[in-house]
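This briefing covers helix packing, strand pairing, the ligand shell and record annotations. The sequence and structure come first.

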Amino acid sequence: MDLEALRRYSALHPKPAGLTLQYGTAGFRSRAEQLDHIVFRMGLLAILRSKAVTATIGIMVTASHNPEEDNGVKLVDPLGEMLHPSWEEYATQLANAEEQELQKVITEICQKAEVNLHKDASVFIGRDTRPSSKKLSQSVIDGIQVLGGQYHDYGLVTTPQLHYMVCCQNTQGQYGKATLEGYYEKLSKAFMELIKQSHCSGENQKHLKIDCANGIGALKLSEMKPYFPQEVVIHIYNDGTKEKLNHLCGADFVKVQQKPPGGLDMKPNERCCSFDGDADRIVYYYKDTAGHFHLIDGDKIATLISIFLKELLVKQDFKMAVVQTAYANGNSTRYLQETLKVPVHCVKTGVKHLHHKAQEFDVGVYFEANGHGTVLFSKTAETKIRQLVKEEKDDEKREAAKMLENMIDLINQTVGDAVSDMLVIEAILALKGLTVQQWDALYTDLPNRLLKVQVADRRVIDTTDAERRALTPPGLQEKIDALVKKYKLSRAFVRPSGTEDVVRIYAEADTQENADALAHEVSLAVFHLAGGKGAPPQR
Ligand code: G16
């Protein structure tokens, strides 16, 4: 380790006095001006991780759905998955070390994680379109250079594109080519093959309006447009040329507010969707002829995909399951379990938890209600499907295997990907001849409400049972239980956010009015029992 370089460069990226940040749901997130030392140190950590696992590691500068003023950074593990939990701890230690302790902390990490500093290291870097991202990714490079490693800076990419690149690189191209062209070609080829098998087409079915949250999704979709077949015509809105990132638009806004984004002109029954700021989430929606807004969230996306896959897998002896979080609408879980007869598992919020659980099955469909999700196929399932395409004599069965093979290639199995998910959904709708209204009508969502409350320290809330019950502060869960009893078909829970300085509240009930009332009452309980800041929440 070049101690002189470490000392010199860490002085250029000083840690603000008294600041403590934690590697949360999706890495570090905070106001951009607080992050320079964090991204520099994550450059250091990426090198250590790369040396530890002898593979290329990804590092993405983004704060996804957070406001434009925020930023963040997260590391991507060798197969494109989120950083291993044991290293999240090292990330937090390194991020919070005082400058004079940096060398000691690095040495400790090397000892605990058996890092051989003499090994080679390689890191892929990506960033979103936030004004602060370019400078922060330069600080990442400083960190990489201090510990001496190779890097490739992809510049502006969506988060899932960076995950994809890392996986391609570490599988020596088996997963695809580690270039943007490689990504566009792989997805569009699989999409076109699928669409060829569809017998339904209509002028209206071709068009899709996409709100890109004024983020990176707009740039990348424009780049990808020439690769799209004529069967799909996309119209890009909120492309970042006029308004601020995520401001009154994007998947998070649409899901939380349950209303259409600004900047997108929506006619009755038109199929529309929203990406989030770094294009790893997607939700669909439409407006009916009476002007009512219909949201089709991650739960309904998981349901559509599960119906499609289950039909194709009917003759295969594969274990399929859906993974959700506590935010999943009660009626989606009921539909999946009771009507579709697919096992459903509930895990903690955060793609890393869903991904991990989904890996236990031959086919694991995972989606958060907020539209973050994908499908994982086990190696065994994938090999068998590819073999059936080559060897199956029965035409119908071979066609089914072919569809599955193209699905495997179309879905970004490294992480939730708005572009890939959108193409999967468009292909399924076309193949099944379903309109957005028919898709929406699969089941009716229970009315629900999401709220946030600011407290002095959100860590006072500790949860259990996949975040469905609060252990602390004392009395909070008892209060929630009593409130829930007042309403029919009701459920509520609270949890500290891992990406924003807030406590999140979710409630559902038989009517919207009751869901709103329950969410409000729970938010007051949080405010009073967990140290609320400012004025109590108002309805
Ligand atoms: C991130 C995570 C998601 C999570 C969301 C909200 O999304 O990747 O898994 O659902 O944050 O997390 P929390 O409720 O803990 O703030 P994104 O799209 O912002 O990266």
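Helix H14 passes helix H15 in a left-handed crossing (left-handed if the near helix is turned anticlockwise from the far one by less than a right angle, right-handed if clockwise). The model is predicted: local features need pLDDT of at least 70, side-chain atom pairs count only at pLDDT 80 or more, and totals for chains, interfaces and linings use all residues. Residues are numbered from 1 along each chain as its sequence is written.

**Helix packing**
- H14 covers residues 379-391 and H15 residues 395-410; their axes are 8 Å apart at an angle of about 135 degrees. Helices are DSSP runs of H or I with at least four residues, strands are E runs of at least two, and both are numbered from the N terminus.
- Axes are lines fitted to C-alpha atoms, for helices over the stretch in contact, and angles run from 0 to 180 degrees between N-to-C directions.
- Helix H18 (residues 476-485) and helix H19 (residues 512-529) have axes that come within 10 Å and cross at roughly 160 degrees.
- H18 and H19 are therefore roughly antiparallel to each other (angles under 35 degrees count as roughly parallel, over 145 as roughly antiparallel, 65 to 115 as roughly perpendicular and the rest as oblique).
- The crossing of H18 past H19 is right-handed.

**Strands**
- Five strands form an open sheet with mixed pairing, in the order E1-E3-E2-E4-E5. Two strands pair if DSSP finds at least two bridges between them.
- Strands E1 (28-31) and E5 (150-156) stand at the edges with a single partner strand each, so one side of each has no neighbour in the sheet.
- From one strand to the next, the twist averages 15 degrees.
- Strand E4 (residues 122-127) pairs with E5 in the parallel sense over five bridges, and Arg 127 stands opposite Leu 156 in E5.
- Strands E16 (residues 462-464) and E17 (residues 469-472) run antiparallel, joined by three bridges, with Asp 462 opposite Thr 472 in E17.
- Four residues separate E16 from E17 in a hairpin, and Asp 465 in the turn has a positive phi of about 55 degrees.

**Ligand shell**
- The ligand is surrounded by 18 residues, the closest being Thr 25, Ser 64, Ser 497, Gly 498 and Thr 499 (C-beta atom, placed from the backbone, within 6 Å).

**Record annotation**
- UniProt, in an unreviewed entry, lists "domain: Alpha-D-phosphohexomutase C-terminal" at residues 450-523. Positions follow the numbering used here, feature names are shortened, and annotations may be inferred rather than shown by experiment.
- Residues 450-523 are 30% helix and 31% strand, with end C-alpha atoms 10 Å apart.
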